Amino acid sequence: MAENIIKKGFQTFIDWVYSGKMLDEYEEAITRRQRALDELRQYYEGRQRRPLKVSPMGKDYNVLANMAGIIVTRSVSMLVGAGVDFNTPDEAPKNRLEEIYEANRGDIFLHDLAQFGSMYGTEFIKIIPNGREYQGKIYPRLVALNPLHMLIITAQ
């Protein structure tokens, strides 16, 4: 409840700041995308728009269930819950892939990646060369990035 009030106040402040100037097309696209992704996150957390209006007598006949959150959680569990096996034609690259997977806490990484993909539809991975030391060796670090903070710019 308090979190929702803070978000509304923050959004009101942002709207007030932008009301004085004209947003260009780029900023409008970013704002629309962030609002759409924020709405997806809210559905995942169970905060949804009410489909029915409250009656003039003040009765609210809406019954809301967080089905989006259940669907995302179960689909992620089915996708990566049993772990991942690497199949390569040569044995040497397979060992290297498994080492990188273990160095980056692969199960947690894949869970986060699958959850972001299920919630937002797009996944982003940041690869940091020589970013993680594991059992005396240096491996690339893999980071699952939150799509809410990412932007795709294409050539026109």
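You're looking at a predicted model, where local features need pLDDT of at least 70 and side-chain atom pairs count only at pLDDT 80 or more, while totals for chains, interfaces and linings use all residues. Residues are numbered from 1 along each chain as its sequence is written, and side-chain values use heavy atoms, with hydrogens and water left out.

A salt bridge here means a side-chain nitrogen of Lys or Arg within 4 Å of a carboxyl oxygen of Asp or Glu. By that rule there are six.

Start by selecting Arg-49 and Glu-39: their closest N and O atoms sit 2.8 Å apart. Arg-49 is in the loop between α2 (25-45) and α3 (67-80) and Glu-39 is in helix α2, so this pair ties together parts ten residues apart in sequence. (Helices are DSSP runs of H or I, at least four residues; strands are runs of E, at least two; both are numbered from the N terminus.) Arg-49 is exposed at 59% relative accessibility, and Glu-39 is partly exposed at 32%. The cut-offs: buried is under 20% relative accessible area, exposed is over 50%, and partly exposed is in between, using a 1.4 Å probe and protein chains only.

Next, pick Arg-50 and Asp-60, which form a salt bridge at 3.6 Å, N to O. Both residues lie in the loop between α2 and α3, ten residues apart.

Now jump to Lys-137 and Glu-99, bridged at 4.0 Å, N to O. This pair connects strand β2 (residues 137-145) with helix α4 (residues 91-103), 38 residues apart.

Finally, select Asp-38, Arg-41, Glu-45 and Arg-47 together: salt bridges link them in a network.
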